[in-house]
Amino acid sequence: MAQAGIIDAFEFARLGKEASGSLPLARFGRAAQGLPLQPRDETGLVHWSVRGETGKQGEPLLHLHVRATPLLVCQRCMEPFVYPIDAHASLHLVKSEAELDDGLDDGHGMGDGGVEAAIDDAPEKVVGSRRFDLLEQIEDELILNIPYVPRHEVCPGAPLKTRAGDPGDGADAEKRPSPFAVLEKLKQKH
């Protein structure tokens, strides 16, 4: 790659080339926007690899793998935490934007679920070029995999709700009257 991340995408796929690397998350400005300051050590790196191939019907494909562990801030407890990303994407290279929508409804008689399943399994179509920005695709995968509202599974220091009688454990649900029952009683009085 002559310029960082710029490849001839069609040639890369045709020759079945492979490439990989690591870059600081801060290098991906759109993905890092709004995130806390990322570590400058190994944990702040984005590791990526790409492999080109020609598909079963002669279509040029790029298989992208992106791994990262960005530092995020939980929106419940406001504490920082590491969020692991291990994303895979297959990209079907097309020559123009007009080809992006081709083939979505090809009328092969699949049921409604069959068309959706075929679309879900199909590689994402992207416009390829002789000056294809691979780093932009890597950044897109990061953006797609960083949660919009990051949260811990269970916030550290959160009270455990395992004791009987704790709010939210369902034990009080039987004791409290249904709000609909209360409304019904009010309607009967009037």
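**Entry 1: Glu141**

I began with Glu141, which, leaving aside its neighbours within four places in sequence, is in contact (heavy atoms within 4.5 Å) with Leu64, Val66, Ala87 and Ala89. The model is predicted: local features need pLDDT of at least 70 and side-chain atom pairs count only at pLDDT 80 or more, whereas totals for chains, interfaces and linings use all residues. Residues are numbered from 1 along each chain as its sequence is written, and side-chain values use heavy atoms, with hydrogens and water left out.

I found Glu141 in helix H4.

**Entry 2**

I looked up the strands next; helices (H or I, at least four residues) and strands (E, at least two) are DSSP runs numbered from the N terminus. Five strands make an open sheet of mixed pairing, in the order S2-S3-S4-S7-S8; two strands pair if DSSP finds at least two bridges between them. Strand S2 (18-24) and strand S8 (124-127) are at the edges with a single partner strand each, so one side of each has no neighbour in the sheet. From one strand to the next the twist averages 30°.

Strand S3 (residues 45-54) and strand S4 (residues 60-68) run antiparallel and are joined by nine bridges. Arg51 stands opposite His63 in S4.

Helix H4 (residues 134-145) lies across S2, S3, S4, strand S7 (85-94) and S8, at about 55° to S4. Axes are lines fitted to C-alpha atoms, for helices over the stretch in contact, and angles run from 0 to 180 degrees between N-to-C directions.

I then searched the whole structure and found one cavity of 30 Å³ or more. On a 1 Å grid over the protein atoms alone, a cavity is a set of points where a 1.4 Å probe fits but cannot get out; a pocket is an open set with protein on both sides within 12 Å along at least five of seven lines, and lining residues have an atom within 4 Å of a point. Grid points are joined across faces, edges and corners, and a volume is the space filled by probe spheres set on the points.

The largest cavity holds about 30 Å³; its lining includes Leu25, Gln38 and Pro70.

The second largest pocket holds about 260 Å³. Of its 14 lining residues, Gln33, Leu35, Ile146, Pro147 and Tyr148 are the closest to its centre.
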